[in-house]
Amino acid sequence: MYGVELYSKVRMAVLRDGLSQREAARRFGIDRGTVSKMVGHAAPPGYRQTRSRVRPKLDAHAAFIDEILKADLSEPRKQRHTILRLFERLRDERGFDGGYTTVRDYVRPRRLSLKEVFVPLAHPAGHAQVDFGEAWAVLGGVRRKMHVLTVDLPQSDAIFLKAYLAETAEAFCDGHVAAFDFFGGVPQSILYDSSKDKRLIQ
């Protein structure tokens, strides 16, 4: 593994100074393939596993484990199998003679993958999102916290920002009027991010 300093020197020599990759490999005493990888990534990419790990003792039992993990999703949290209990069941019911860590290393990522839920982001035209955020500003030489109303049209990535001294109903209404003027119209619907924004509407 090469240090960040060498990584940076190689990239500067090739990308900034115009040194060929072959010459950089010779100058720094490293392989041309390594130079190519360094030039191709702005930061060291780190270790990447290229092949899936082979678990000859566990692979025959993977479907059994997956069934248990899927069934556990509908059980109360306290009733779900621990990794130790899974290991014991594999050993006692199926004659598994591998180690506990083999089971643990398989179960942890499988549990995460079963829990993952992906919500597709769809932003139809004519819809907006509104939220108040905070930012620091210097007004008259004094550093103050400002409340920034953000109105975003996610479908087009258009955004409007306006800063206020306080997050009030007046600022909320004024920000909406200014945003509608800026966008040249009123959106079909508005999604408010926080419960405080919803209270300001009432």
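Helices here are DSSP runs of H or I with at least four residues, and strands are runs of E with at least two, both numbered from the N terminus. On that basis the chain has eight helices and four strands.

This is a predicted model: local features need pLDDT of at least 70, side-chain atom pairs count only at pLDDT 80 or more, and totals for chains, interfaces and linings use all residues. Residues are numbered from 1 along each chain as its sequence is written, and side-chain values use heavy atoms, with hydrogens and water left out.

Confidence next. pLDDT is the predictor's confidence in each residue, from 0 to 100. The chain averages 86, and 88% of the residues score at least 70. Helix α5, residues 83-94, has the highest mean among the elements, 94. Helix α8, residues 195-201, has the lowest, 54. Where pLDDT is low, the predicted coordinates should not be read in detail.

Now the order. From the N terminus we read α-α-α-α-α-α-β-β-β-α-β-α.

Strands pair if DSSP finds at least two bridges between them. Strand β2, residues 142-153, runs antiparallel to β3, with seven bridges joining them. V148 has A163 in β3 as its bridge partner.

Last, burial. Of 202 residues, 28% count as buried, meaning under 20% relative accessible area with a 1.4 Å probe, protein chains only.

Note on methods:
Buried means under 20% relative accessible area, exposed over 50%, partly exposed in between (1.4 Å probe, protein chains only).
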